[in-house]
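Trainee: I have a chain open on the screen and would like to talk through how its pieces pack. Can we go step by step?

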Amino acid sequence: MIEFCVALAAFLAAHLIPASRGLRARLILLMGRTAYLTVYSILSLVVLGWLFVAAQRADTVWLWDPAPWQWYVPFIAMPMGTFLFVAGLLSANPLSISVRGGTKPGPITAITRHPVLWAFLIWATAHIPPNGTVVALLLFGAMALFSLLGFALLDVKARKRLGPERWRELAAGTSVLPFAALLSGRARWHTLRLLALPALITVVLYAWFVLQGHALLIGPDPLAGLAAMG
């Protein structure tokens, strides 16, 4: 349990400390942007891997008894979470997290301007019901809280980077709450047609992850767990 708490603290520190604009700017100036992003990405993956290993090693203390309905929650929620993650990374998005460059928000921002954060929030909250242990609640609860804080932090960073006027211009057709911009008419439904490729990738990726990927990369087999609870 001590190792898990230390790993969790290290994970939060690795993401919150570099979020300081002054520290990040100094590190980029010292190392160069490419080197900084490479080192930071590697460090984040290492700490995340350690966190999951430490969680598996920690003592199991149950907070509630397993029930069949709990296993259906991630099966229902994760297709949307996976889609937001895939589309969020592949769409240009100067307002939030993306691996694709661009000065204008991509089509996924019609749904939400923070799709990757919503993906992590859905993933974290959906995995709490079927994992009713102290460690699982701390792990997924911290991830969910981290995602919620990210909405405000990324908006602040983007506003400073782009300038207030440019940020308001780009954010006018988006919303933090999924589908709010579409329902209010600030974004157009027809732009969702441009998300056909991310949707196809999501179907393939989600099917692989349920059938093999989850058991291979993380350990527990979700289908076996669902069958056992049924």
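Predicted model: local features only at pLDDT ≥ 70, side-chain atom pairs only at ≥ 80, totals over all residues.

Trainee: Okay. What does T202 touch, not counting residues up to four places away in sequence?

Mentor: With those neighbours set aside, T202 touches P79, T82, F83 and V86. T202 itself lies in helix α9, which covers residues 196-217.

Trainee: And is T202 buried or exposed?

Mentor: T202 is buried, because its relative accessible area is 6% and the cut-off for buried is under 20%.

Trainee: Let me look from the other side, then. Where does T82 sit, and what is T82 in contact with beyond its neighbours within four places in sequence?

Mentor: T82 is placed in helix α4, and beyond those neighbours it is in contact with T202, L205 and Y206. T82 is buried too, with a relative accessible area of 12%.

Trainee: Let's zoom out. How many helices and strands are there in the protein chain?

Mentor: The protein chain has 10 helices and zero strands, so from the N terminus on, its elements simply read α-α-α-α-α-α-α-α-α-α.

Trainee: What about overall size: how does the radius of gyration of the protein chain sit against a compact globule?

Mentor: For 230 residues, a compact globule would have a radius of gyration near 17 Å, and the 19 Å of the protein chain agrees with that. The C-alpha trace spans about 55 × 45 × 25 Å along its principal axes, and 39% of the 230 residues count as buried.

Trainee: What share of the contacts joins residues at least 24 apart?

Mentor: If you take the contacts between residues at least 6 apart in sequence, 67% of them join residues at least 24 apart.

Trainee: Back to α4. At what angle do α4 and α5 pack?

Mentor: Helix α4 (residues 68-90) and helix α5 (residues 115-126) pack at an angle of about 160°, with their axes 8 Å apart. The two helices are therefore roughly antiparallel to each other, since angles over 145 degrees count that way, and their crossing is left-handed.

Trainee: Which residues meet there?

Mentor: On the α4 side they include V73, P74, A77, M78, G81, L84 and F85, and these belong to a set that meets residues of α5 including P115, V116, W118, A119, F120 and W123. The residues of this contact divide into 16 nonpolar, two polar and no charged.

Trainee: Take A119 from that list. What does A119 touch away from its own stretch, not counting residues up to four places away in sequence?

Mentor: A119, which is in helix α5, touches G81, L84 and F85 on that count. At 5% relative accessibility, A119 counts as buried.

Trainee: I also had R168 selected. How far apart are the C-alpha atoms of A119 and R168?

Mentor: Those C-alpha atoms are separated by 24 Å, and the two residues are 49 residues apart along the chain.

Trainee: What about α4 and α10: at what angle do they cross?

Mentor: The axes of α4 and helix α10 (residues 222-229) cross at roughly 150° and come within 8 Å. These helices are therefore roughly antiparallel to each other, and α4 passes α10 in a left-handed crossing. The contact is made by P68, W71, Y72 and F75 of α4 together with P222, L223, G225, L226 and M229 of α10, and its residues divide into eight nonpolar, one polar and no charged.

Trainee: Now α1 and α6, please. Are α1 and α6 roughly parallel or antiparallel?

Mentor: Helix α1 (residues 2-16) and helix α6 (residues 134-162) pack at an angle of about 5°, with their axes 11 Å apart, and they are therefore roughly parallel to each other. In this pair F4, L8, F11, L12, H15 and L16 of α1 meet V135, L138, L139, A142, M143 and F146 of α6. Those residues divide into 11 nonpolar, one polar and no charged.

Trainee: One last thing. What is the phi of F179?

Mentor: F179 has a positive phi of about 70°, although it is not a glycine. F179 is placed in the loop between α7 (164-171) and α8 (180-184), and at 29% relative accessibility it counts as partly exposed.

Technical notes. Residues numbered from 1 in each chain as written. Heavy atoms only, no water. Axes fitted to C-alpha atoms, helices over the stretch in contact; angles between N-to-C directions. Helix = DSSP H or I, 4+ residues; strand = E, 2+ residues; numbered from the N terminus. Parallel < 35°, antiparallel > 145°, perpendicular 65-115°, else oblique. Left-handed = near helix turned anticlockwise from the far one by under 90°. Contact = heavy atoms within 4.5 Å. Nonpolar A, V, L, I, M, F, W, Y, C, P; charged D, E, K, R; others polar. Buried < 20%, exposed > 50% of the residue type's maximum accessible area, 1.4 Å probe, protein only. Rg over C-alpha atoms; globule rule 2.2 N^0.38 Å.
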